[in-house]
Amino acid sequence: MKFPDTWPAGCPPADSEDANGGVFRLVKHDPPRADDTASHMETGKLPKAPACLRCGLSVFREMRDAVHQRQLLPKLGRFIAQAALVAEHGKTKLTKGTQPTHTTWWAYEGVNRHRLFSVVQEEG
C-alpha cells in the first residue's frame, strides 16, 4: 500500500493515523460516484490551499457535523454518505475545519473510495 508519487513529500503528515472507524461525507449522488470522492488536487480546486490537504478528502467523524456542513455549504451535496474505514484504506488526521470533527483522509492508491460510501441521509 502506497500513496501517489505525485503527492508532496511528507504527505500525509507523520502524525496522521491509520484509517479506522466510521466517517461521513457530503455527496451529490446516490449511490456515490467517483467524482463524489475526488480530491481537490484531482479536480484542480482550491489551488492556493496547502498541497497535502488538497490530496486528502474532507470527512467528518460525527453525523451532526456533516449535517451542519451541508447547511452551511449546500453546494457540496444534498446527501450524507457513510463509510467504515480500516487501516488498508489509508491515513487520517483531525484537521482544522468549520466543524469540530473535520478529518482529512488520505487514501492509498487503488482504494476505490466512492464504493466505500453508502448514503445514509438525504436533505429535506
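User: Is Asp15 exposed or partly exposed?
Analyst: Asp15 counts as partly exposed, because its relative accessibility is 48% and that class lies between buried, under 20% relative accessible area, and exposed, over 50% (1.4 Å probe, protein chains only). This is a predicted model, in which local features need pLDDT of at least 70 and side-chain atom pairs count only at pLDDT 80 or more, while totals for chains, interfaces and linings use all residues. Residues are numbered from 1 along each chain as its sequence is written, and side-chain values use heavy atoms, with hydrogens and water left out.

User: What does the side chain of Asp15 meet in a salt bridge?
Analyst: The partner is Lys93, at 3.0 Å from N to O; a salt bridge here is a side-chain nitrogen of Lys or Arg within 4 Å of a carboxyl oxygen of Asp or Glu. The pair links distant parts of the chain, 78 residues apart, with Asp15 in the segment before strand E1 (17-18) and Lys93 in strand E5 (residues 90-94). Strands (E, at least two residues) and helices (H or I, at least four) are DSSP runs numbered from the N terminus. Lys93 is partly exposed, with a relative accessible area of 26%.

User: How many salt bridges are there in the whole structure?
Analyst: The search finds eight. One of them joins Glu42 and Arg113, whose closest N and O atoms are 2.9 Å apart. Glu42 lies in helix H1 and Arg113 in the loop between E6 and strand E7 (118-122), so this pair ties together parts that are 71 residues apart in sequence.

User: Switching to pockets, what is the volume of the largest pocket?
Analyst: The largest pocket has a volume of about 920 Å³. On a 1 Å grid over the protein atoms alone, a pocket is an open set of points where a 1.4 Å probe fits, with protein on both sides within 12 Å along at least five of seven lines, and lining residues have an atom within 4 Å of a point. The volume is the space filled by probe spheres set on the points.

User: Which residues lie nearest its centre?
Analyst: Of the 31 residues that line the largest pocket, Arg25, His40, Leu46, Ser58 and Leu76 lie nearest the centre. Leu76 is found in the loop between helix H3 (63-72) and strand E4 (79-85), and is partly exposed at 36% relative accessible area.

User: And the second largest pocket, what is its volume?
Analyst: The second largest pocket has a volume of about 150 Å³. Among its 13 lining residues, Pro4, Trp7, Glu42, Ala107 and Arg113 are the closest to its centre, and that list includes both partners of the Glu42 and Arg113 salt bridge.
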